[in-house]
Amino acid sequence: MKSPTLNIVDYIVLVVLLLLSALIGVIFGFIKSKKTSTEEYFLADGKMHVFPTALSIMVSFLSAITILGTPSEVYMSGTMFWYQAAAWSIASMMTAFIFMPKFREMKFTSIYEYLEKRFDQSVRICASITFTIYMFIYMALVLYAPALALSQTTGLNKWVSVVSISVVCIFYSSVGGMKAIIWTDVLQALVMYAGVLIGIIHGLVLVGGFERAFLISHQGHRIEFDNISFDPRTRHTVWSLLIGNSFNALLTYGFNQMQVQRYMCVKSTRGAQKALFINMIGVASLILLSCLMGVILYAYYAGCDPFTAGRIQNVDQILPYFIMETLGDKKGIPGLFLACAFSGSLSTISSGLNSMAAVLIEDIYKGLMGRTLSNERQGYVAKLVSVVIGMMIVLLTYFVSHLGSVINAAISLSSTLCGPIMGVFFLGFFFSRTNRIGALAGFFVSLALQLWIFIGVQLTKHQRSNHRLPLSILNCTDIDVLTKMNTSTTTPINSTFNPLLNLYSVSHMWYTPIAVGTVVIVGIVVSYLYHPLKPNEVDSKLIIRMSDICQYCCWSKRCQNANSNVVTAEDHDKQEELLS
């Protein structure tokens, strides 16, 4: 059976998305921009409205990997993954009430400036370099992995995807700055919702509705919401998702340069909180919809799994394969779905270019090298740096294309780098007596532990049990089922005893809590061994206390006025500015 391919209408839909994104860059880069300054390029002059900023926060890390990967995760492992929506909601609220107000109060372009103020420059540079390495790897994967999945299921050349996304991203993010990025994110958020909804509606029609989809999935052991196992090796449990994944989401919302820049783009702290709450609704709904898509996919392919049947090479291709198989003859519909995937990549890459430019200029060029730039000149330099970073990512994507089966390992590697960064921020915010030696020791011990676990996981993957639920090809009519079942039998698990196998089998959901906990424990111990700081040696504005959290949680003007009456005149002026 010949697979459907894209037609001219589908390509037109893709081109329209790219042209609209580029047009937004032109509007904010050449028409509405009055000057090129640091504040305008990185922070949109701090004058963005709440709703577009909320959508931008939402899609910045909901990449094409999320759009393709979430349904396949439910397809293979069941519906426990739906607790992701609660985890991201918890992280949004914690960020809104605890961390975002403090970052806005400090008004740093790069969040790593805080680490220099709290500890010293060496801690700041270590964290910013680690973040830069992470972002290079992550953006190359965000660019290449979806392009590969789409090319193998739709026939769209993967390098056409990579180059078109790269060129458009580099153009509108470098020309239009943060304003263009936020408004293109709004467009891309709408396209992402449209693509997912079309897949869900069409899938429900094919399988016979919600009840039928959940009945088939229940028979296939995909419906599960009550796994409360305390075994940390279990991939998805209530605890690993609500606790472990809340840390993962908090890492994204609270301590990632891409997101914190958006909080600074809104006019007030209260407005930034509203943006996070709107984002919370948007992210939760998109996760729930993507998980529902996974249930529908299993219901449709319950008797003839295309992965086991050899029709797709990777389970992450299941959604585009479904779209092409069932809607490939509907002109423009596959193109809209591809635009949905493209939108996920566009939003993440453009945000990454801007945030990396901010880190490289503020932390490396000005911080480490001690150079200075005028406000306007820094705006021009930021544009140039964004272009250079974009070109480097395209080259790195070419290298990633030769990794083959190591791509999944590279995705895991990029994730292990950020946990220690979050741990250092925790150490600085909540433990006032910790010092630079403790922060550095905690950071490097945590990073070493994360890399050790990562390497161990890769070396023992054939010794550990497979988490995937069983799939069936008994109803496939166009293949020799018995032959295929024999050839697809999994390799027996190596029974060689490994005393560290339990450590390497810990669910990836716990990696961030492990990293943060390691930094905090080592940091506290080392700090107390090497002259812990005295209360008068730490600026109180760099510490988060319970009174700060209560103040940030207070929305009423009466409460705000009460809080402002108990601070100094200098703090009063700053608070009034924040709440205006």
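Q: Is threonine 237 buried or exposed?
A: Buried: its relative accessible area is 2%, and the cut-off for buried is under 20%.

Q: New topic: how many residues of helix 17 are buried?
A: 11 of its 12 residues are buried, so helix 17 is largely enclosed by the rest of the structure. Among them are Pro420, Phe425 and Phe429.

Q: What about the largest nonpolar core, which residues have the most contacts inside it?
A: That core has 158 residues, and those with the most contacts inside it are Phe99, Phe103, Tyr112, Leu115, Phe255, Phe425 and Phe429. Helix 8 (residues 158–207) gives the largest share, 20 residues.

Q: Which residues is phenylalanine 99 in contact with?
A: Leaving aside neighbours within four places in sequence, its contacts include Met94, Leu250, Phe255, Phe429 and Ile544.

Q: Last one: what pLDDT does the protein chain average?
A: The average is 85, and 88% of the residues score at least 70. Over residues 487–492, though, the pLDDT is below 50, and that stretch has 2 contacts beyond near neighbours in sequence. Residues 556–580 are also below 50, with 27 such contacts in the model. Where pLDDT is low, the predicted coordinates should not be read in detail.

Technical notes: Residues numbered from 1 in each chain as written. Predicted model: local features only at pLDDT ≥ 70, side-chain atom pairs only at ≥ 80, totals over all residues. Heavy atoms only, no water. Buried < 20%, exposed > 50% of the residue type's maximum accessible area, 1.4 Å probe, protein only. Helix = DSSP H or I, 4+ residues; strand = E, 2+ residues; numbered from the N terminus. pLDDT = per-residue confidence, 0-100. Contact = heavy atoms within 4.5 Å. Core = buried A, V, L, I, M, F, W, Y, C linked by side-chain atoms within 4.5 Å.
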